[in-house]
Every structure is written in C-alpha cells, then in structure tokens.
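Thanks for coming. Please have the sequence and the structure open.

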Amino acid sequence: MPSPYRVHLIAKPGNMTPECRDVLTRLHKLTFPKDDLDSLEGYWWLAYHGETPVAFACLRIVPGNFGYLARAGVLKQHRRHGLHRRLISARIAHARRLGWKGVITYTSHDNATSINALTAR
C-alpha cells in the first residue's frame, strides 16, 4: 500500500516565497509552540498528507562544503509514520546531489524520537 504522504523541496536559498514562509511559520508554531523560527535561510522541504502540509525540515549550508540538518517538525497527529526519517533522507540525498562532503546535525539528549530517526539511517 503506498504511503499517503509525499515529501517535496519547496524553497532554495534566496528563493523563499511569501506562501512558503507562511506555511513554514504556521507549522513551526504548531510543532514548537514555545520557540520562534530563528531563520528561513537554506533549503526547505514539506511533507504533505493529501494536499495538507503536515511536516517540515531545513538543510542549511555550512562553510567547508557541508550541510546542517536544521529545524524539523511533524504535526503531532502525523507522527509515527516515518516522516522525520523521510525528511532526513531527502536532505542527505540533496546534499549528496550538490556534491557536499557530508551533513551534520544536533539534537538534545532527551529527544528520543530524533535520536532514533538519525541512528536508523
């Protein structure tokens, strides 16, 4: 059975539309209600359920030809469907296509979901 979710690159550095900015800001606020979205720089992906955006992720450029797996979030009702892992895979594949040396990231020690998604790669 095919997944009801699909992942798409929606913005590249310097190419953020107002519509993308609004969707990312809304999703970020829903997934991280206490945090502000610090930056919209980088490559951005959305995961959709049907036509509805339900998850987001960013890949930022790091000096030295590396990428940084930046902010990512999945709406609570769409978690446990592998979306975080798919967004990680999409960003790593994109970095490879760009010829980057690799990617780095950070997650807090108490974020088991992110740790599991990263180590499952």
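Is Gly67 buried or exposed? Gly67 counts as buried, because its relative accessibility is 0%. On the scale used here, buried means under 20% relative accessible area, exposed means over 50%, and partly exposed is in between, with a 1.4 Å probe and protein chains only.

Before I go on, a word on the source. This is a predicted model, in which local features need pLDDT of at least 70 and side-chain atom pairs count only at pLDDT 80 or more, while totals for chains, interfaces and linings use all residues. Residues are numbered from 1 along each chain as its sequence is written, and side-chain values use heavy atoms, with hydrogens and water left out.

Back to the glycine. Gly67 is in strand E4. Helices (H or I, at least four residues) and strands (E, at least two) are DSSP runs, numbered from the N terminus. Leaving out residues up to four places away in sequence, Gly67 touches Leu59, Arg60, Val62, Trp100, Gly102, Val103 and Ile104; contact means heavy atoms within 4.5 Å. Gly67 and Thr105 are 38 residues apart in sequence, and their C-alpha atoms are 8.5 Å apart in space.

Now the overall layout. The protein has three helices and five strands, and along the sequence the pattern reads β-α-β-β-β-α-β-α. The five strands form an open sheet in the order E1-E2-E3-E4-E5, with mixed pairing. Two strands pair if DSSP finds at least two bridges between them. At the edges are E1 (5-11) and E5 (102-105), each of which pairs on one side only. On average, neighbouring strands of this sheet are turned by 30° against each other, direction ignored. Axes here are lines fitted to C-alpha atoms, for helices over the stretch in contact, and angles run from 0 to 180 degrees between N-to-C directions.

Strand by strand, then. E1 pairs with E2 (residues 43-49) in the antiparallel sense, over six bridges, and Leu9 stands opposite Trp45 in E2. E3 and E4 also run antiparallel, joined by seven bridges. Arg60 is opposite Tyr68 in E4, and in E5 the bridge partner of Tyr68 is Ile104. E4 and E5 run parallel, with four bridges between them.

What sits in the hairpin of E3 and E4? There are three residues between the strands, and Gly64 takes a positive phi near 95°. Asn65, in the loop between E3 and E4, has a positive phi near 70° although this residue is not glycine. At 35% relative accessibility, Asn65 counts as partly exposed. Arg80 is a further non-glycine residue with a positive phi, near 75°. Arg80 is in the loop between E4 and H2 and is exposed, with a relative accessible area of 83%.

Next, the helices on the sheet. H1 (residues 18-31) lies across E1, E2, E3 (52-62) and E4 (66-74), running at about 100° to E3. H2 (residues 83-97) touches E1, E2, E3, E4 and E5, and its direction makes about 35° with that of E3.

The largest nonpolar core has 32 residues, and Ile10, Met16, Leu24, Trp44, Leu46, Leu59 and Leu83 touch the most other members. Such a core is a set of buried Ala, Val, Leu, Ile, Met, Phe, Trp, Tyr and Cys residues joined through side-chain atoms within 4.5 Å. E1, H1, E2, E3, E4 and H2 each give two or more residues to this core. Beyond its neighbours within four places in sequence, Met16 is in contact with Ala11, Arg21, Leu24, Leu40 and Trp44.

Last, the rings. Rings of Phe, Tyr and Trp (its six-membered ring) pair if their centres lie within 6.5 Å; planes under 30 degrees apart count as stacked, over 60 as edge-to-face and the rest as tilted. The count comes to three aromatic pairs. Tyr43 and Trp100 have ring centres 6.1 Å apart and planes at 65°, so this pair is edge-to-face. Tyr43 is in E2 and Trp100 in the loop between H2 and E5, 57 residues apart. Ring pairs also link Phe32, Trp44 and Phe56 into a cluster.

The charged end of Arg71 sits over the ring of Phe32, 4.0 Å from its centre. The rule is NZ of Lys or CZ of Arg within 6 Å of the ring centre and within 35 degrees of the ring normal. Arg6 lies over the face of Tyr48, at 4.7 Å from the ring centre.
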